[in-house]
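This report covers the fold of one chain and the contacts between two chains.

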Amino acid sequence: MATVVVWIYVIALMLAVYIGVVREVRLAIGAYVLQTFLVACAYALAAISLKDQSIWWAVLGLIVLRMILIPWLMYRIVPRDMFLARNNHTLISPTFAMLVYLLLTAVGVGIVSSILGLSGLDMGLALAILLVAIGIIAISHHALKQIMGILSADNAVDLLASLTLSRIALMADYMVFLEVTIAVVLLSLLMVRHRRHGYKDVRHMSELKG
Amino acid sequence: MWLYAFLGIPLLGLLMNFLLPVDLRKYVIVWVTGSNLVFFIGWFIVYHGSDRYITSSWVRFDPFSALITGITVFVGFTAALYSMHYLQLEQQQSTPNHENHDNEYHVLFLIFYFALVGAALWNNVFITWIFIEATALASVFLVDFHRDRHSSEASWKYLILMEIGGILALFGTILLVSGEPTGVSTTTWSGLLIAAPHIAPLQLKIGFALVLAGYGAKAGLVPFNAWLPDAHSQAPSPTSAMLSAIKLNTAMYGIIMTMGVLVADHEAFYAHTLLIILGVLTVLVSTVMTVSQRDFKRLFAYSSSENMGLIAIGFALGPIGIFGAYLQMINHSLIKSLLFYESGDLMAAAGSTQIRMLRGFAREFPFAGGILILGFLAIAGAPPFGLFISEFSILYALIHEKITWLAVLILLFLAMLFANFLIFALQMGFGQPSAAVRKFHYVHKKLGWEAMVPFGLHIALTLAFGIFLPLLLLGVKS
């Protein structure tokens with residue numbers, strides 16, 4: 001089962017990189033749904049190995065709130081043409097971005113391996129996904145891609161949580177799911193407001209100097 | 001279960017806000033925050049010694065939680081009072097066909113207040129995280145309350161950075177919990193303190209570094225503070241006050257609670273070093289940034305960042321430093337919220353947040369101008385205001401810990417900050433009144449009680465902390 005878990009993490013990492021480099025947001029959302037499905041699989045494997053009924057409720061929450069509700073809400077709130085726009089500016093080219101993501105993966109896996117050795121590979125991969133997702137937010141100039149980065153980072157946190165699910169109360173798990181859902185709704189609503197103010201992209205937000 | 005009343009009252013207020021007639025809704029926020037303040041004072045009077053505090057598997061109310069909650073309920077109350085005055089000012093400044101968003105403001109205020117009050121009440125590490133995160137989500141539309149280009153930009157940056165911070169903090173927290181040995185299963189702060197010696201030290205260190213980066217972003221520590229000047233400058237003044245005086249403290253609470261876990265595992269040196277590095281960096285960068293400010297709300301925001309840096313340093317310096325950090329938290333919250341309230345009136349007076357537009361403000365409006373000058377002196381750390389004592393304590397703690405060179409460096413930057421604020425106070429307060437100040441004659445000459453009470457209470461309390469605390473300490477010593 002440990003090998004299956006590691007493969008789940010590896011595929012989730014590859015999907016995070018795909019979210020980072022793909023031009024059309026519609027495709028990035030598809031990759032996010034797949035990534036969340038993998039997280040649900042990791043939760044389900046934990047439920048089987050721990051024989052803990054309550055984890056199945058967490059799997060249900062993941063599928064309903066994260067995999068179905070979040071993409072649906074985004075499609076409802078954000079205008080359709082923004083999903084289809086291909087002109088997604090990034091700070092660096094996708095090729096160079098791939099190299100950055102590779103480096104971040106090495107950093108993530110390297111850090112955790114230095115503590116736990118190969119037994120911590122899954123934890124290291126979760127950290128790598130987190131770093132790649134933060135990389136997506138930093139590199140992307142497209143508001144929707146930044147949201148996808150946040151969602152991918154949340155999946156990284158959930159993958160790490162799947163390793164220690166017996167310790168996390170179901171209520172806390174659900175509250176985290178809800179928090180992410182609310183954050184995505186707020187970000188989507190802000191995007192609609194930006195459009196009204198004439199902002200086409202995040203790179204146009206340069207009137208305040210931070 | 002009296003502790004749940006702190007959360008129940010705001011929820012009841014939310015319900016009342018929908019049920020009451022429109023004319024009465026503006027009083028709900030004052031009723032809610034006032035009730036919580038009375039409740040807090042009542043708790044302090046009725047309970048004594050260890051009876052005051054609770055630790056169970058879900059809730060935790062220790063002296064540190066009580067301090068954070070005390071600041072929250074007090075500033076929450078004065079912010080609610082000032083909000084009545086502020087919304088009135090906005091109404092007077094608006095165009096005739098301006099849409100009234102007062103009810104939206106009241107609802108958002110109550111949700112934000114609910115999240116702030118709940119942040120320091122929990123023993124479960126995840127519930128603490130959820131409430132700290134909720135403070136960000138609940139305040140996004142308050143930051144974007146004016147719905148213009150600038151506020152929209154600020155709110156986007158704010159939410160994105162808050163989310164990144166939240167995710168990093170959650171990842172770090174899970175890393176700590178997952179390091180517990182087999183057979184131990186706890187997600188409480190008190191449980192983690194016991195389990196800490198059995199967690200791999202390197203795992204603890206990485207977990208803390210992530211938590212520090214995450215909550216540090218929320219607390220406005222450099223280099224994660226890009227959101228702070230933008231959000232503070234665009235939000236309505238009472239919201240800026242709550243962001244600065246309460247929200248930053250709740251994030252610092254998350255950092256300090258996690259630091260406790262490292263201290264329990266004899267990793268205090270690592271945690272303290274990281275905290276001092278970020279704290280010093282924050283003080284230095286924020287002080288330099290205050291020099292070039294032309295906008296008074298951004299100036300106050302950078303000053304908040306600088307104060308959080310000092311608080312971070314204080315918490316890393318043993319008992320004297322911790323005492324100074326507690327005092328700094330209280331005094332900064334009192335003075336900064338006063339200055340942000342004042343900024344609402346300044347904006348109404350000059351129609352702008354530009355410092356140069358406010359020349360001669362104290363001459364034209366003696367009462368509000370006088371409060372402004374006192375506020376500037378107080379935040380600069382001048383005696384006899386409370387901030388002088390707390391900054392002195394932190395500097396003394398640095399010398400006590402034999403880091404004298406750092407004490408000298410911090411003192412130099414505090415002197416620079418003092419000079420900056422004095423110059424800004426002179427520029428804004430005195431001289432021939434600018435055309436903008438002369439043009440905007442409004443309610444200033446007859447400030448209502450909704451503004452007078454917060455101004456008076458904040459100035460009086462910070463003066464009391466500066467004057468009576470040393471006498472009290474001398475009394476204890478003798």
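A residue is called buried if 20 or more other C-beta atoms lie within 10 Å of its own, exposed if 12 or fewer, and partly exposed in between, with C-beta atoms placed from the backbone.

## Basis

This is a predicted model, in which local features need pLDDT of at least 70 and side-chain atom pairs count only at pLDDT 80 or more, while totals for chains, interfaces and linings use all residues. Residues are numbered from 1 along each chain as its sequence is written, and chains are lettered from A and ligands numbered from 1 in the order in which they are written.

## Chain B

Chain B holds 20 helices and two strands; these are DSSP runs numbered from the N terminus (helices H or I, at least four residues; strands E, at least two). Its C-alpha trace spans about 70 × 55 × 50 Å along the principal axes.

Of the 478 residues in chain B, 57% are buried. In helix H5(B), 13 of 17 residues are buried.

## Contact between chains A and B

Two residues are in contact if their C-beta atoms, placed from the backbone, lie within 7 Å. By this criterion 34 residues of chain A meet 36 residues of chain B. On the chain A side, helices H5 (94-116), H6 (121-139), H7 (143-161) and H8 (170-196) of chain A each give two or more residues, and H8(A) gives the most, with 11 residues.
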